[in-house]
Amino acid sequence: MKLSVIIPCFNEQKVIEQTYQVLSNEMKKLPIDAYELIFVNDGSGDKTLESIKSFAQHDARVKYISFSRNFGKESAMLAGLKACRGDVAVIMDADLQHPPMLIKDMLKKYDEGYDQVIATRTRTGDSAPKTFFSKWYYRLVNRLTDVEMKDGAGDFRLLSSRVIQSLVDLPEYNRFSKGLFSWVGYNKYYLPYENVERAAGASKFSLKSLLNYGVQGILSFNDKPLRMCVKLGLFILSLCIVYIVAMVVEFFTKGVSSNGYFTTMTAILLIGGVQLLSIGVLGEYIGKIYYEVKKRPHYIIEESNVDKS
């Protein structure tokens, strides 16, 4: 059996050599016939690519793909999946937060018949606010989306060849892999592990990036936000009708009243807020359609040593 390990990289100069050494040592302990390490350089601005090239010069099992600019981790994972030639593939981060020693346990579960073996980290070491918001985010996502996503289950996972092919065949431009992994189905096994700190460097995800990623997850797999806007609009319309009927009754029973400034302003602001919210949700979906119809490639490869045959 041949194993492919896909490692997306973005400005990982401080840790990439350690990652390569740890992975190479771990590969020797695995019950496999061959392996390849596919490093995907996602437009790094440091010397990440130079380090990867040096690995490839003395190790033929090291493959690399380098993008012309930063296209994002989703594109890097897709490029790795398209390039891999193994019977199974493992996706993992380059910062060693995904422990390579878990690959052995993943392979055992694959031998038992699982197509996806998903490493699921605990929240040990995370701050209380991060744990709280993550917990409630997944609750919200699982209520709104058509697929189920498990808290702690990230991109670190083993995929069988048929799962890889199913993912590669999906043509959409706006990719949210956590949802896609769940959407394609197949037999899954969740492998728990303790949270691990980065070996070096800093996280590339800012609060803004995490927020955008969260919105992407909610909008990518359902149209429920649009339906919620319709339901909210009907609810506000119903309140307005009740209010109008009440005003008509008051007019005929008590005559004209000069009061009502607060009620009028409240109604205007409430309805205006609902309209702006609905337009915003609609705009997000239109924006996704805009990018889909362009049919631009997910990434542009500047250089690579991967055999295209």
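Predicted model: local features only at pLDDT ≥ 70, side-chain atom pairs only at ≥ 80, totals over all residues.
View 1. Strands here are DSSP E runs of at least two residues, and helices are H or I runs of at least four, numbered from the N terminus; two strands pair if DSSP finds at least two bridges between them.

**View 2. Strands S1 and S2.** S1 (residues 2-9) pairs with S2 (residues 34-41) in the parallel sense over eight bridges. Lys 2 stands opposite Ala 34 in S2.

View 3. Leu 81 is found in helix H3 (residues 73-83). With 6% relative accessibility, Leu 81 counts as buried (under 20% relative accessible area; exposed is over 50%, partly exposed in between; 1.4 Å probe, protein chains only). Leaving out residues up to four places away in sequence, Leu 81 touches Ile 6, Ile 91, Leu 159, Ile 164, Leu 167 and Val 168, where contact means heavy atoms within 4.5 Å. Ile 38 is 43 residues from Leu 81 in sequence, and their C-alpha atoms are 9.3 Å apart.

**Notes.** Residues are numbered from 1 along each chain as its sequence is written, and side-chain values use heavy atoms, with hydrogens and water left out. Local features need pLDDT of at least 70 and side-chain atom pairs count only at pLDDT 80 or more, while totals for chains, interfaces and linings use all residues.
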